[in-house]
Amino acid sequence: MTEAKKPTKKPRGVAQLIAGACIACGARCQSVCPVNCVDMNDAGEPVVNGAKCIGCQKCVKICPATALEMYFTPEERKILDELAASATPVEEEIDPEAAALAEKLAGYRGVWVFIEQTEGEPAKVSWELLGIGKELAAKLGVDLCAMVIGENVEHLCREAFAYGATRAYLVDAPVFRNYRTEAYVEACCHLIDRYKPEVILMGATGMGRDLAGAVATRVATGLTADCTGLDIDAKRNLMQTRPAFGGNIMATIMCDKFRPQMATVRPNVMPLPDRTGASTGEIIREEFTVPEENIFTKVIEIIRDARSKSHVDIAGADFIVSGGRGMMAPENFTLLQDLADELSGVVGASRSAVDAGWMPGDRQVGQTGKTVRPKIYIACGISGAIQHLVGMQDSDIVIAINRDRNAPIFEVATYGIVGDLFQIVPMLTEHIRELKRRKGRD
């Protein structure tokens with residue numbers, strides 16, 4: 001018998017820097033090198049010790065600027081060319097660390113959305129998250145699931161099915177009647193440990209922010225807050241986009257070594273999906289509870305905020321007329337109120353107007369205020385800083401009024417009017433009144 005020919009071992013090469021390509025990102029390549037063969041020079045560029053390099057390519061893969069490449073000697077290159085031209089089996093060296101990580105991550109499947117509720121009343125952001133969650137689940141080839149926690153809240157499972165969920169995990173017990181961090185964290189972690197979801201989405205509300213941070217800490221995974229965009233890459237990683245550095249850039253963050261991948265999304269950022277007539281799906285009831293004596297907070301009474309007449313919910317308005325620093329003084333906002341009244345809308349404001357004390361904080365639109373998606377957004381005297389645009393750029397129609405024809409607001413505006421708002425706004429208001437009078441006569 002002839003001895004079977006051993007497969008040719010594929011050369012691994014050594015890493016080397018591409019001249020002029022390094023962006024001095026902060027020594028990421030050095031941090032992942034398993035054999036400590038990467039040092040950094042004074043310019044923040046890697047210096048690779050070729051004698052110690054094992055060709056694992058970890059530094060090459062993590063480099064955000066593709067500034068590192070694998071170098072092969074002429075002899076190694078010849079072997080690679082021969083292997084490529086022949087059908088000779090190639091013995092690939094398996095990285096034990098990478099194999100262990102892949103095996104761990106493969107145990108997590110499914111996109112989950114936490115259904116936020118207060119006394120059985122769901123938060124609208126939960127349905128918005130089911131919309132984007134359905135897209136993510138389709139790309140991953142997994143189920144879209146709802147996570148429902150409370151008392152007598154099974155009806156929310158059926159409501160979640162109407163918005164696209166195919167399965168709901170229900171934890172229903174008296175101890176979960178009112179939201180308390182300790183109890184809800186225990187319930188979430190119990191479900192995560194047992195069913196291992198791949199992605200968990202929560203609303204960036206008071207409850208969602210509190211719960212998401214506590215759960216992520218408990219299960220030792222990453223969390224990206226206030227996301228404005230979500231997608232899936234080729235390696236099943238959740239691409240989480242959010243404003244960074246005060247809103248001056250948009251950063252895409254990935255949690256590629258831990259599961260579940262968790263993100264919170266502000267209300268009104270994602271479009272509300274259509275509600276279907278179907279309300280059937282699989283409900284998995286978990287008989288789980290937390291002893292009352294283990295919870296240190298007690299809810300004595302829920303007091304609904306009797307908002308003053310001056311309060312408006314700008315996040316849910318269909319028509320918003322917003323003013324910025326160009327309004328010059330607080331009394332000038334009456335011009336915007338007149339226009340908003342004719343449109344059956346509300347008055348909003350930029351951060352500069354709120355900081356000046358011209359409008360209350362609950363009217364602020366932007367990164368540090370409310371995110372809105374009205375049918376029509378009229379920006380008056382607002383220059384259009386990125387922090388403001390983040391909060392209103394998804395409006396169906398944006399109308400900008402500004403003296404400065406180079407104002408950034410015009411870049412996102414559907415219609416732009418260059419001129420004096422103190423002349424234009426009253427004219428718009430009067431024109432709308434006249435149209436309504438004509439319609440009344442007809």
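1. Buried here means under 20% relative accessible area. By that cut-off, strand S20 (residues 346–349) is covered on both faces. Val346 and Gly348 are buried on one side, and Val347 and Ala349 are buried on the other. Keep in mind that this is a predicted model.

2. Confidence comes next. The mean pLDDT of the protein is 88. Of its residues, 93% reach 70 or more. Strand S7 (residues 111–115) has the highest confidence, at 97. Strand S6 (residues 90–91) has the lowest, at a mean of 54. Where pLDDT is low, the predicted coordinates should not be read in detail.

3. Where does S20 sit in its sheet? The sheet is open and has 5 strands, in the order S20-S19-S21-S22-S23. Its pairing is parallel. S20 is an edge strand, and so is strand S23 (415–418); each pairs on one side only. From one strand to the next, the twist averages 20°.

4. Now the two ends of that sheet. S20 pairs with strand S19 (residues 319–323) over 4 bridges, in the parallel sense. Within this pair, Ile320 stands opposite Val346. On the S23 side, strand S22 (residues 397–402) is joined to S23 by 4 bridges, and the two run parallel. There, Ile401 stands opposite Ile417.

5. What does H9 touch on the sheet? H9 packs against S19, S20 and strand S21 (376–380). The direction of H9 makes about 170° with that of S19.

6. Helix H6 (residues 154–162) deserves a look. Its buried residues are Leu156, Cys157, Ala160, Phe161 and Ala162. Gly164 follows H6 and has a positive phi, near 120°.

7. Aromatic pairs: the whole structure holds 7 of them. In one, Trp127 and Tyr163 are stacked, at 5.0 Å centre to centre with 10° between the planes. Why does this pair tie together parts that are 36 residues apart in sequence? Because Trp127 lies in helix H5 (residues 124–140), while Tyr163 lies in the loop between H6 and strand S11 (167–172). Trp127 and Tyr163 are both buried. Elsewhere, ring pairs link Phe114, Phe176, Tyr179 and Tyr184 into a cluster.

8. Asn36 is in the loop between helix H1 (28–32) and strand S3 (38–40). Asp226 is in strand S13 (residues 223–227). Are they buried or exposed? Asn36 is exposed, with a relative accessible area of 57%. Asp226 is buried, with a relative accessible area of 17%.

9. Last, a backbone detail. The peptide bond joining Arg259 and Pro260 is cis, with omega about 0°. Pro260 lies in the loop between strand S16 (249–253) and strand S17 (261–265).

Definitions and conventions. Residues are numbered from 1 along each chain as its sequence is written. This is a predicted model: local features need pLDDT of at least 70, side-chain atom pairs count only at pLDDT 80 or more; totals for chains, interfaces and linings use all residues. Side-chain values use heavy atoms; hydrogens and water are left out. Buried means under 20% relative accessible area, exposed over 50%, partly exposed in between (1.4 Å probe, protein chains only). pLDDT is the predictor's confidence in each residue, from 0 to 100. Two strands pair if DSSP finds at least two bridges between them. Axes are lines fitted to C-alpha atoms, for helices over the stretch in contact, and angles run from 0 to 180 degrees between N-to-C directions. Contact means heavy atoms within 4.5 Å. Rings of Phe, Tyr and Trp (its six-membered ring) pair if their centres lie within 6.5 Å; planes under 30 degrees apart count as stacked, over 60 as edge-to-face and the rest as tilted.
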